[in-house]
Amino acid sequence: MGGTFDPIHHGHLVAASEVQSLFELDEVVFVPTGQPWQKADRQVSNAEDRYLMTVVATASNPRFTVSRVDIDRDGPTYTIDTLRDLRTQHPEAELFFITGADALAQILSWKDAEELFELAQFIGVTRPGYVLTEDGLPADRVHLQEVPAMAISSTDCRDRVGDGEPVWYLVPDGVVQYINKHQLYAVEESRASH
Ligand SMILES: Nc1ncnc2c1ncn2[C@@H]1O[C@H](COP(=O)(O)OP(=O)(O)OP(=O)(O)O)[C@@H](O)[C@H]1O
Ligand SMILES: O=C(O)c1ccc[n+]([C@@H]2O[C@H](COP(=O)([O-])O)[C@@H](O)[C@H]2O)c1
């Protein structure tokens, strides 16, 4: 499962857990993006912080691991490179890439979109506020999966921290503590003056 994970939240974790169980996956590899080029219009937190929050959030699940392939590669992050690197590391594995409905809808705009479907199958999961559709995508390589709806986004978590509101129970406890310890998403002056 690839994502910016700024920060990782329970929507990501529920989706990953549900897909792992339903598709009987041996392992779910969380891959924090290095430089998400489709989010170039906004500031993204330091890759090491996003990686460490992902490690903290997934540590207790024996089927969850975290990969550094995207954060250790220079330049913009493309899933085609992610899948090539994972294929090299796990030559025997059958790869599935888990994405939310919003990301799945954009996939034809990703780099080398056609080749993506040769390297992995894609599992699109429901996400509140987005319609899950495989229109225009190869039906034999794309699976749609309903998962329990968690109306949580990283944007909302960042905004809540910035506004001094709690993110307890939206993200794992260790991630709340990591955010506090490293003062991520700190209150901006314009907001603090309200
Ligand atoms: N609540 C959710 N339910 C299901 N899938 C989700 C949910 N939140 C995110 N995803 C999916 O997880 C992947 C990684 O998401 P990402 O790290 O961009 O989180 P986000 O909450 O969408 O972030 P942001 O609000 O910063 O854009 C994407 O494929 C996204 O569609
Ligand atoms: O390969 C691409 O061109 C591409 C473009 C946009 C997003 N992605 C990947 O899609 C995943 C979800 O991205 P995001 O930005 O919604 O967190 C993440 O693994 C990204 O690297 C990939």
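Reader: How do the residues of the shell around ligand 1 divide into nonpolar, polar and charged?

Author: Keep in mind that this is a predicted model. The shell around ligand 1 holds six nonpolar, nine polar and three charged residues. In total, 18 residues surround the ligand, and the closest are G3, G11, G100, S154 and T155. The elements that each supply two or more residues to this shell are α1 (10-22), β4 (96-100), α4 (101-105) and α6.

Reader: Which element gives the most to the shell around ligand 1?

Author: That is α1, which contributes three residues.

Reader: What does the shell around ligand 2 look like by class?

Author: Its classes are six nonpolar, eight polar and two charged residues. There are 16 residues around ligand 2, and those that come nearest are G2, T4, Y78, T79 and W110.

Reader: Now the strands. In what order do the three strands of the open sheet lie?

Author: The general idea comes first: strands in a sheet are paired by backbone hydrogen bonds, and the pairing is either parallel or antiparallel. Here the order is β1-β2-β3, and the pairing is parallel. At the edges are β1 (2-3) and β3 (64-66), each of which pairs on one side only.

Reader: How many bridges join β2 to β3?

Author: Three bridges join β2, residues 28-32, to β3, and the two strands run parallel. To find one of these places, look at F30: its bridge partner in β3 is V66.

Reader: Next, a helix. Which residues of α7 are buried?

Author: In α7, which spans residues 173-182, the buried ones are V175, V176 and I179.

Reader: Why do the buried residues of α7 line one face of the helix?

Author: The general idea is that an α-helix has 3.6 residues a turn, so residues three or four places apart point the same way. In α7, the buried residues fall within an arc of 105° when seen down the helix axis, so they line one face. On the other side of α7, the exposed residues are D173, Q177 and K181.

Reader: What covers the buried residues of α7?

Author: The cover includes α2 (47-58) and α6 (154-162).

Reader: Which residue just after α7 takes a positive phi?

Author: That residue is Q183, with a phi of about 50°.

Key
Residues are numbered from 1 along each chain as its sequence is written. Chains are lettered from A and ligands numbered from 1 in the order in which they are written. This is a predicted model: local features need pLDDT of at least 70, side-chain atom pairs count only at pLDDT 80 or more; totals for chains, interfaces and linings use all residues. Two strands pair if DSSP finds at least two bridges between them. Helices (H or I, at least four residues) and strands (E, at least two) are DSSP runs, numbered from the N terminus. A residue is buried if 20 or more other C-beta atoms lie within 10 Å of its own, exposed if 12 or fewer, and partly exposed in between; C-beta atoms are placed from the backbone. The arc is that of the directions from the helix axis to the C-beta atoms. Two residues are in contact if their C-beta atoms, placed from the backbone, lie within 7 Å. A residue is near a molecule or strand if its C-beta atom, placed from the backbone, lies within 6 Å of it. Ala, Val, Leu, Ile, Met, Phe, Trp, Tyr, Cys and Pro count as nonpolar, Asp, Glu, Lys and Arg as charged, and the others, Gly among them, as polar.
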